[in-house]
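The sequence and the structure come first.

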Amino acid sequence: MSVVITIGRQFGSGGRDVGEAVAQYFNIPFYDKELVEMAAQKSNISKEALKEADEHATNSFLYSLASGNYSMRGINAPIYYEMPINDKLFIAQAEVIKEVARKGSCVIVGRCADYVLENEKVDLLNVFIHGSVDYRAKRVMDAFDITQSKARDKVIKTDKQRRTYYDYYTSRDWGVMSNYDLCINAEKFGINGAANLIIGYVKNKLK
């Protein structure tokens with residue numbers, strides 16, 4: 001039996017670190033920024049161009065309105081070639097996410113993976129990692145060596161980008177607990193504690 005763990009996260013909450021710890025414990029593949037490189041190979045678009053678009057919704061609202069709900073039609077759809085690069089990346093990443101999930105257990109961070117996989121025949125555990133702005137700003141200060149004010153601004157701005165991205169491509173609300181199986185406050189449990197909660201759930205599930 002295998003399980004695919006998707007991790008949504010507020011910026012600075014340590015979601016990537018939690019995911020890496022879980023993947024390392026179970027010795028299973030871990031996917032985060034790696035998905036951009038894999039999508040670049042699949043779509044034949046430069047990795048550098050896709051990195052700029054990663055987890056950013058398209059700015060072309062009028063184009064999206066005119067095109068309708070095309071985001072899950074796939075790379076081979078004729079309209080794909082006319083899409084903004086953000087949408088091309090989302091579609092390429094979605095196909096990559098489905099491919100790696102079908103291969104077996106893994107941890108996938110961000111990129112609307114919970115939504116992309118909801119109708120796939122895989123055993124899913126959808127997790128969301130969060131924490132207060134002050135807690136996350138402190139972690140960002142240490143990671144980027146910036147002032148508290150700049151760290152808070154970065155936290156708030158990046159959260160807004162992630163919310164817009166998730167809401168745009170899924171038509172659901174980012175961070176709302178009903179979208180996830182497990183929501184963990186990393187400020188309360190810490191990175192190791194959050195990872196252990198997920199590990200404990202999975203171990204129990206795989207008995």
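Lys154 sits over the face of Phe144, at 5.0 Å from the ring centre; a charge counts as over a ring if NZ of Lys or CZ of Arg is within 6 Å of the ring centre and within 35 degrees of the ring normal. The model is predicted, with local features needing pLDDT of at least 70 and side-chain atom pairs pLDDT 80 or more, while totals for chains, interfaces and linings use all residues. Residues are numbered from 1 along each chain as its sequence is written, and side-chain values use heavy atoms, without hydrogens and water.

The structure holds 8 aromatic pairs. Rings of Phe, Tyr and Trp (its six-membered ring) pair if their centres lie within 6.5 Å; planes under 30 degrees apart are stacked, over 60 edge-to-face, and the rest tilted. Two of the pairs are listed here.

| Pair | Centre distance | Plane angle | Class |
|---|---|---|---|
| Phe11 and Phe144 | 6.4 Å | 35° | tilted |
| Phe128 and Tyr180 | 5.0 Å | 40° | tilted |

Phe11, in the loop between strand 1 (4–9) and helix 1 (15–26), is 133 residues from Phe144 in helix 7 (residues 133–144), and their pair links distant parts of the chain. Helices (H or I, at least four residues) and strands (E, at least two) are DSSP runs numbered from the N terminus. Phe11 is buried at 13% relative accessible area, whereas Phe144 is partly exposed at 47%. Buried means under 20%, exposed over 50%, and partly exposed in between (1.4 Å probe, protein chains only).

Phe128 and Tyr180 are both buried. Elsewhere, ring pairs join Phe90, Tyr165, Tyr168 and Tyr169 into a cluster.
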